[in-house]
Amino acid sequence: MSKRITIEELQTYLWNSAVLLRTSIDAGAYKQYIFPLLFFKRICDVYDEECEQILIDYDGDEEALEWEENHRFIVPKGAHWNDVRAVSENIGVAIVDAFRKIENANSDKLQGIFGDGAWTNKNRLPDRLLKDLIEHFSTKTLSIANCPEDELGQGYEYLVKKFADDSGHTAQEFYTNRTVVHLMTEMLQPESGESIYDPTCGSAGMLISAIAYLKERNKEWRNVAVYGQEINALTSAIGRMNLFLHGVKDFNIVNGDTLASPAFIENGALKQFDLILANPPYSISQWDRAAFESDKYGRNFLGVPPQGRADYAFLQHIIASLKSDTGRCAILFPHGVLFRNEESSMREKLVRSDRVECVIGLAPNLFYNSPMEACIMICRMNKRPERRGQVLFINAVNEVERKNAQSYLEDRHIQKIATAYKNYVSDGDFAKLATIQEIEENNFSLSIPLYVKPAISEADIDNRSLQEHYDSWRASSEMMRLSFEKLNAMLGKEADINE
């Protein structure tokens with residue numbers, strides 16, 4: 001019988017499964033065990049639901065139960081949730097055996113998806129604890145009727161966020177503030193039939209956000225091709241589970257290092273996509289810079305980034321992966337990419353290429369366990385004629401809501417920023433449209449305070465944050481440096497004339 005599970009019931013049910021692990025497993029490892037069990041339970045409950053419907057559709061013909069085309073996934077004999085639930089000893093062995101049988105029976109979709117957790121380590125996961133987990137998950141039936149895909153997906157996202165809250169830094173590699181992701185999606189506006197790619201996809205939240213954008217607008221989303229690559233094996237498996245639980249079927253998520261070995265190649269060149277959303281790891285230093293110098297895919301067209309900061313390596317990979325006509329991207333970066341001296345020549349080439357369309361400065365504290373500010377860089381391969389030769393700068397540091405020690409964007413913030421981008425005009429101390437020539441006069445710095453000047457009168461009380469003071473000082477310092485450079489150049493010309 002169908003018993004619809006509310007979102008609140010689902011969230012409590014999922015989080016209580018993690019609570020059972022608290023005395024035995026570090027918080028950072030919850031995901032290694034909870035997500036595979038959740039996915040296993042979902043597969044089996046949906047399989048049972050399909051079997052009930054098959055018997056109705058085929059007038060009780062049990063042979064139809066064995067036809068693969070009648071099932072989303074095959075659950076082999078002996079590998080069902082109920083088979084594992086019936087085991088009282090060596091439960092970890094039974095779980096691993098069921099996982100492998102299901103992976104092998106669905107090798108084209110599920111190979112490796114359950115990961116390699118230490119299920120058989122009885123010191124870490126004694127039979128008593130695994131039995132408690134199995135019984136807890138058994139208290140609800142996760143069928144489609146009880147828990148539609150979108151709602152289970154919401155519960156899954158809730159669990160991802162809770163793990164990030166509970167485990168601190170260890171969860172950051174697969175969690176990005178979802179409200180920032182929604183902003184990025186809103187600005188790129190995915191379309192039906194497009195290809196969407198995230199080269200550092202984590203738990204696939206950005207890809208799912210693009211699908212959700214289409215669903216919310218009642219647009220066809222099943223014809224969207226979804227691609228992602230993730231260096232962490234467990235996180236890439238979580239991303240695949242996440243997509244399946246959200247009902248997405250046409251996707252390809254690959255575990256691997258995007259810079260060292262990009263996964264999506266066509267005819268010896270990088271595959272190109274309509275839309276790319278990305279939050280690359282910030283300023284990593286452990287990457288193969290020497291190989292990038294002679295990159296066979298030509299991803300060094302702007303230059304070779306310094307060893308200590310791979311940001312522009314990811315940027316070049318993303319731009320090289322965009323289609324020449326429809327290609328557009330939104331990338332979450334640290335502010336340093338906008339002004340750091342060691343990347344100035346690459347930044348100059350980037351600006352001159354006229355691919356940068358918009359730069360948005362975000363408020364601090366939007367990222368878990370970090371007060372850092374970030375920016376969104378939007379690039380487009382084929383700008384509309386009226387936007388060519390220009391870049392829109394948006395200062396959105398005040399567009400934020402803070403509650404219970406967490407910062408997030410509300411719909412009104414997202415709409416204000418997205419509207420400014422859509423209008424593409426200067427707007428007081430919020431947005432500034434700058435020409436490439438103006439950016440050249442600032443030595444190709446994209447530092448937002450150089451262009452968007454805050455309107456502050458002497459009578460105003462200065463209640464800016466330390467970060468805002470720093471940004472203001474940095475912009476003033478940069479302006480002074482540029483002025484000195486111009487003055488020296490003028491003096492040099494006068495000296496040449498006098499000679």
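The predicted model has a mean pLDDT of 88 over the chain, and 87% of the residues reach 70 or more; pLDDT is the predictor's confidence in each residue, from 0 to 100. Over residues 169–174 the pLDDT falls below 50, although this stretch has 15 contacts in the model beyond near neighbours in sequence, a contact being heavy atoms within 4.5 Å. Because the model is predicted, local features were required to have pLDDT of at least 70 and side-chain atom pairs were counted only at pLDDT 80 or more, whereas totals for chains, interfaces and linings use all residues. Residues are numbered from 1 along each chain as its sequence is written, and side-chain values use heavy atoms, with hydrogens and water left out.

The largest nonpolar core comprises 105 residues, of which I360, I376 and I394 touch the most other members. Such a core is a set of buried Ala, Val, Leu, Ile, Met, Phe, Trp, Tyr and Cys residues joined through side-chain atoms within 4.5 Å; buried denotes under 20% relative accessible area, exposed over 50%, and partly exposed in between (1.4 Å probe, protein chains only). Helix α2 (residues 30–57) gives the most to this core, with 13 residues. Apart from this core lies another, of 38 residues, including F264, A278, I439 and Y451.

P305 is placed in the loop between α11 (289–293) and α12 (311–320); helices are DSSP runs (H or I, at least four residues), numbered from the N terminus. P305 counts as buried because its relative accessibility is 0%. Residues up to four places away in sequence aside, P305 touches W287, R289, F292, Y312, A313, Q316 and M346. P305 and R289 are 16 residues apart in sequence and 7.6 Å apart in space, C-alpha to C-alpha.

Key
Helices (H or I, at least four residues) and strands (E, at least two) are DSSP runs, numbered from the N terminus.
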